[in-house]
Amino acid sequence: MHYGGDYNPEQWPREVLNEDIDRMREAGITMVSLGIFSWSRIQPDEGVFDFEWLDDIIDRLHAAGITVDLATATASPPPWMHLKYPEILPVTAEGTTLGPGSRQHYAPSSPVYRRLAAELVSAIAARYANHPAVVMWHINNEYGCHLVADYSDAAAVAFRDWLRARYGSVAALNAAWGTSFWSQMYSDFEQVLPPRAAPYHHNPAHRLDFHRFTSDSMLELYLMEKEIIRASGALQPITTNFMGQSPTVDYWKWAPHLDVISDDCYPDPNDPESFRTVGGFHRDLMRSFAGGPGWLLMEQASGALNWRPANAPKAPGQMAALSMQAVARGADGVLFFQWRQSRAGTEKFHSAMLPHAGTDTRIWREVVALGETLAELPALPETDDTARIGLVFEYENMWALSGTDHPVGIDYMEIVKRWYAAFDAAAIGVDFVHPAADLTRYDLVVAPQLYLLTDAAADNLRDYVAAGGTLLVGAFSDVVDEQDAFLPGGFLTRLGETLGIRLEDFGGLVPAAEQGPGERVVRVVSGDGAISPFEGELLAEEIHVTRAEVVARFSGGRRDGDPALTVNSAGAGRAFYLATIPTTAATRALAPYFAAQAGVAPLIAELPAGVEVARRGSVLTVINHSTEPAHVRVAGKDIRTGERVEDPELEPFGWVMLRA
C-alpha cells in the first residue's frame with residue numbers, strides 16, 4: 001500500500017531536505033511524486049539542463065527507503081519559453097491569448113511546445129530510466145484542468161487534420177455536420193475553424209467534434225511522452241493523474257493507455273453528501289476505468305484547500321475516513337497534495353501532510369496514524385467482480401448535452417451522480433460502464449441519460465436485454481446519432497422496439513430555479529401501489545405503448561393519466577423506460593425498487609444515514625461519514641485483528657474493515 005504525496009523540494013532551501021526525509025520516515029511514507037512542476041529548475045534555458053540537484057534528492061530518498069513517482073515536468077512551461085516562442089501560448093474562444101504566470105499555459109497542438117516537451121522528457125528519461133528509486137512515471141499533470149480547450153491557430157491546423165482523418169472528404173464532413181443549415185457548407189477543409197466566439201450558437205456537431213478533438217489532442221501529448229519514456233528503456237509503470245469525471249477528456253479512451261489509473265479527489269467538507277457524490281463517485285469511477293482494484297489515489301487534502309469560495313478544514317478523523325474509502329473501493333495507494341505546505345504561491349493556503357504549524361498539530365498526528373494503519377493492512381483482494389449493477393456514464397453524452405437549444409437544460413453529471421448516490425445510499429454497489437462495453441455480467445444496467453446514442457451502443461443494449469438482462473433507460477434518450485442529428489423516423493428509433501414504446505414529445509418543464517409560470521414537477525403514481533408516488537422534473541414525455549406494460553402514470557398536469565414508467569419483455573430480458581427525470585428524493589426511492597426487480601440485494605439491509613458500505617472482493621468496509629455515532633448491522637472478522645465484529649457502533653468518521 002503506497003503512502004505519500006507530491007514533493008516539491010525546489011521550493012525550499014537544500015538543508016530542509018534532511019528534515020523532510022526524517023519526517024517522511026516518521027510518517028511511514030513509502031513514495032513521493034517528484035518533479036511535477038520542476039521544468040524551470042531542470043531546464044533554465046533551451047538546451048541547458050541541470051540535474052545535479054535532482055540526482056541528490058532522488059539518491060537520498062532511495063537511501064532512506066522512499067520510492068519515487070517521477071514526473072516529466074511538462075505541465076508548466078518555464079518563463080524563457082513563452083518569451084522565445086510566444087506561439088506556444090493557448091488562446092480562448094474569444095481570441096484572448098492566455099499568458100504565463102500560472103500553469104498549463106501551453107497550446108496542446110503547438111508544434112514548438114511538443115518539440116520542447118519531447119526534448120525535456122527525453123533528457124529526464126535517459127537519466128533516470130534505470131534508477132532503482134524510480135518505481136513509476138508521472139506524465140504531465142491533470143490534463144484539461146485549467147486549459148479545457150485551445151482555439152489558437154495551431155489548434156485550427158490540428159483540428160482540420162483531425163477532421164480529415166475522421167471524415168476523409170469535405171462532402172462527408174458537410175453531411176455529418178448538416179452544414180446546409182445556416183449556409184455553413186464547406187468547400188475546403190481550410191475553411192474550418194475551431195468554434196470560436198460567434199454572434200450566436202454554434203453548429204452542435206461542430207462543437208461536439210471539437211470536444212472529441214480536444215480530448216484526442218491531449219491524449220496525443222500523453223502518448224508522445226509515454227513513447228519517449230519507453231524508448232529510453234524504462235520498464236516502470238506509467239500514469240497521469242485523472243480528475244474524477246473531468247469534462248475535458250474522455251477517460252474511457254485514455255484508460256487503456258495508463259499502466260496504473262490514478263486520481264485526484266477533493267470532497268468538500270462543507271457538503272455532507274460529498275463523500276458520496278465526489279468521494280465514492282470518484283473511487284468507483286477509477287475502479288471501473290481500471291477494471292478492478294489496483295488504482296492510486298494520487299492527490300487529496302489533509303485539511304483545508306485554497307481554491308473554493310469557502311475552504312473548510314476536515315473534521316478530526318475525516319481525512320482517514322476518506323482515505324480508507326479509497327482503499328475500500330480498490331485503491332492500492334493513498335497520496336496527498338502535498339508533502340510540505342508551500343511558503344509562497346497560489347497554493348500556500350492548501351493544506352499538506354507537514355503543515356506550516358509543524359508536527360505539534362492534529363493534521364500531523366493524523367498523518368502519522370494513517371501511515372501506521374496502512375502499513376498494518378494485510379494483502380487486499382486484487383480482483384473484484386461483485387457489483388451486479390452497471391451505471392452508464394459516457395463523455396460524448398455529457399458534451400452533447402452541454403450545448404444549447406434543447407427542450408430544457410439538463411446537467412448530465414448531476415443526473416448520473418443522483419443515481420449513483422441513490423444506489424450507494426441503499427448499500428448497493430455499482431460499476432460505471434460504457435454503453436458499448438461488455439455488459440453481460442450485470443443483472444441491471446441503468447442508463448439515466450442516453451441523448452446521444454451510437455449504433456454500436458444501441459446494438460449492445462438490445463443484445464444485453466435479449467440475453468436476459470434488465471435495462472432501465474431514462475428520459476431524453478435515443479434522441480440523436482453520434483453526430484448530434486436526428487435519425488429518420490422520430491425518436492427512440494433504435495431502442496423503441498426493445499422498450500416497447502414510441503416517443504412523441506419531450507414535454508419540457510420549467511426548471512425549479514427559474515421564475516415564471518409553468519409546470520415545474522410532475523407526480524407519478526403506480527396503479528398497484530408497488531412504487532410509492534414520486535415526483536419528476538425537467539421533462540414529462542409523451543410516450544405511447546406499443547408492446548410494453550404501464551407500471552406508473554402521470555397524475556395531474558398536462559400529462560395526467562399518460563404512461564410515465566413502462567416495462568417490456570424483450571427476448572429473455574426486460575427493459576424499463578422512465579419518461580421523466582426523478583427528483584433527488586424520488587431517485588433515492590426508485591433505486592432500490594429497480595435493484596429488486598433485477599434480483600440485486602443490498603450489501604447491508606439497513607444502512608444509517610451518512611454511512612457507506614463498499615465491497616472489495618471478500619472484504620467489506622463500513623465507514624461513518626456523519627458527525628454522530630452510527631449503529632450498523634453487519635458482522636465479520638476485522639482484517640487487522642482477526643477478531644469477530646458484530647453490529648458495531650461507529651464513532652463519527654469511524655470505520656471497520658471486515659472479511660465477510
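**Backbone geometry, burial and packing**

User: Where does Gln-338 lie?

Analyst: Gln-338 is a loop residue. The flanking elements are DSSP runs, with helices (H or I) of at least four residues and strands (E) of at least two, numbered from the N terminus. The loop in question is the one between β9 (331-336) and α12 (362-376).

User: What is the omega of the peptide bond from Phe-337 to Gln-338?

Analyst: This is a predicted model, in which local features need pLDDT of at least 70 and side-chain atom pairs count only at pLDDT 80 or more, while totals for chains, interfaces and linings use all residues. Residues are numbered from 1 along each chain as its sequence is written, and side-chain values use heavy atoms, with hydrogens and water left out. The peptide bond from Phe-337 to Gln-338 is cis, with omega near -5 degrees.

User: Is Ala-427 buried or exposed?

Analyst: Ala-427 lies in the loop between α14 (412-425) and β11 (430-433). Its phi is near 65 degrees, a positive value in a residue other than glycine. Burial is judged by relative accessible area (buried under 20%, exposed over 50%, partly exposed in between, with a 1.4 Å probe and protein chains only). At a relative accessible area of 1%, Ala-427 is buried.

User: What is the phi of Phe-476?

Analyst: Phe-476 is found in the loop between β13 (470-473) and α16 (496-499). It counts as buried, at 2% relative accessibility. Phe-476 is a residue other than glycine with a positive phi, near 60 degrees.

User: Which residues does Gln-43 touch, not counting residues up to four places away in sequence?

Analyst: Gln-43 sits in the loop between α2 (39-42) and α3 (52-63). With a relative accessible area of 1%, Gln-43 is buried. Contact means heavy atoms within 4.5 Å. Beyond those sequence neighbours, the residues touched by Gln-43 are Val-48, Phe-49, Pro-78, Trp-80 and Leu-120.

User: Which elements are included in the cover of the buried residues of α3?

Analyst: Helix α3 has twelve residues and reaches 17 Å from its first C-alpha to its last, close to the 16 Å expected at 1.5 Å a residue; the expected span is 1.5 Å times one less than the number of residues. Its buried residues are Trp-53, Leu-54, Asp-55, Asp-56, Ile-57, Ile-58 and Leu-61. The cover over them includes β1, α1 (16-27), β2, α2, β3 and α5.

User: How do the axes of α10 and α11 cross, in degrees?

Analyst: Axes are lines fitted to C-alpha atoms, for helices over the stretch in contact, and angles run from 0 to 180 degrees between N-to-C directions. The axes of α10 (residues 274-290) and α11 (residues 318-328) come within 8 Å of each other. They cross at roughly 35 degrees.

User: By class, which residues make up the contact of α10 with α11?

Analyst: Helix α10 contributes Phe-275, Gly-279, Gly-280 and Arg-283, and α11 contributes Leu-322, Gln-325 and Ala-326. Ala, Val, Leu, Ile, Met, Phe, Trp, Tyr, Cys and Pro count as nonpolar, Asp, Glu, Lys and Arg as charged, and the others, Gly among them, as polar. The contact has three nonpolar, three polar and one charged residues.

User: Which residue in β28 stands opposite Val-622?

Analyst: Six of the six residues of strand β23 (residues 619-624) are buried, so this strand is largely enclosed by the rest of the structure. Strand β22 (residues 611-616) pairs with β23 in the antiparallel sense over six bridges, with Val-622 as the bridge partner of Val-613. Strand β28 (residues 655-659) also pairs with β23 in the antiparallel sense, over five bridges. In β28, the residue opposite Val-622 is Val-656.

Methods
Pairing = 2+ DSSP bridges.
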